[in-house]
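Thank you for making time for this one.

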Amino acid sequence: MIQLAFYAFSILTLGSALAVLLTRNVLYAAFFLLLTLFGVAGLFVLASADFLAIAQIMIYVGGVLVLVIFGIMLTHKPELTTNTNSQQPNRIASKNRSGIMSGWVIALLVSGALFVALYTLLARANFTILSRPVGWQSTMHTIGKQLMTEYVVPFEIAGILLLAALVGATYLAAPQPKSSHDATR
């Protein structure tokens, strides 16, 4: 039964992720992203990572994705009537294809190097939670205890970085005051 659920969530995740890539409508892509995030949350539940599953649904589905959908709906502009040919290729993908081998080779090298580095890091890591027997226990107590004891410094540094990013984004988004030189004109 668990294997059947795993395959169902995997198919849901991969199929909807492919649909995000292949659809031309941005709103449909956002809804397919919703299905992808639900599939990943289901995979987290099957891996006994209940905290990650709840965080995935609350943060990404409940917050980020709803914000993206509202952004798409509020900034939607009607299409120009002069451009009735919808068979034009995607300009970004066309520009990436202009250097036939250079763009794909660089992307393949960078992604391969990142994969090897991440795989090496994960293979050498000593996760204490993996040495425990697998069970259907909640991980919230363990994560909370680890964040407040062993990993308190990285947790606080991440909080300070997020605060700095929030202040910087607010500063960049604020309207710029007119200088006195522009006001005299």
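Predicted model: local features only at pLDDT ≥ 70, side-chain atom pairs only at ≥ 80, totals over all residues.

Helices here are DSSP runs of H or I with at least four residues, strands are runs of E with at least two, and both are numbered from the N terminus.

Residues are numbered from 1 along each chain as its sequence is written, and side-chain values use heavy atoms, with hydrogens and water left out.

As for the overall make-up, the protein has 8 helices and 0 strands, and its pattern along the sequence reads α-α-α-α-α-α-α-α. Of the contacts with a separation of 6 or more, 59% are between residues 24 or more positions apart. Buried residues account for 11% of the 185 residues; buried means under 20% relative accessible area, exposed means over 50%, and partly exposed is in between, with a 1.4 Å probe and protein chains only.

Now back to the packing. Two packed helices are described by the angle between their axes and the distance between the axes. Helix 1, residues 2-22, packs against helix 2 at an angle of about 155°, and the axes are 8 Å apart; the axes are lines fitted to C-alpha atoms, for helices over the stretch in contact, and the angles run from 0 to 180 degrees between N-to-C directions. That angle makes helix 1 roughly antiparallel to helix 2, a term used for angles over 145 degrees, whereas under 35 counts as roughly parallel, 65 to 115 as roughly perpendicular and the rest as oblique. The crossing of helix 1 and helix 2 is left-handed, meaning that the near helix is turned anticlockwise from the far one by less than a right angle, with clockwise giving right-handed.

How do helix 2 and helix 3 cross? Their axes come within 9 Å and cross at roughly 175°, so helix 2 and helix 3 are roughly antiparallel to each other. On the helix 2 side the contact includes V26, L27, A30 and L37, and on the helix 3 side it includes Q56, V61, L65 and I69.

Some of those names return in the largest nonpolar core, which has 5 residues, A30, L37, V61, L65 and I69; such a core is a set of buried Ala, Val, Leu, Ile, Met, Phe, Trp, Tyr and Cys residues joined through side-chain atoms within 4.5 Å. Helix 2 and helix 3 are the elements that give two or more residues to this core, and the largest share, 3 residues, comes from helix 3. Leaving out residues up to four places away in sequence, A30 touches L65, I69 and I72.

Q56, also in helix 3, is buried, because its relative accessibility is 9%. Beyond four places in sequence, Q56 touches L37, V40, A41, F44 and V61.

Apart from neighbours within four places in sequence, F32 is in contact with S16, A19 and V20.

Turning to the loop between helix 2 (26-46) and helix 3 (50-74), we find S48 there. S48 has a phi near 60°, a positive value in a residue other than glycine, and S48 is buried, with a relative accessible area of 17%.

Finally, the structure holds 2 aromatic pairs, that is, rings of Phe, Tyr and Trp (its six-membered ring) with centres within 6.5 Å, counted as stacked when the planes are under 30 degrees apart, edge-to-face when over 60, and tilted for the rest. F6 and Y7 have ring centres 5.6 Å apart and planes at 65°, so this pair is edge-to-face. F115 and Y119 form a stacked pair, 6.3 Å centre to centre with 20° between the planes. Because F115 and Y119 are 4 residues apart in helix 5 (residues 100-124), about one helical turn separates them. F115 is exposed, at 57% relative accessible area, and Y119 is exposed at 56%.

Note on methods: Contact = heavy atoms within 4.5 Å.
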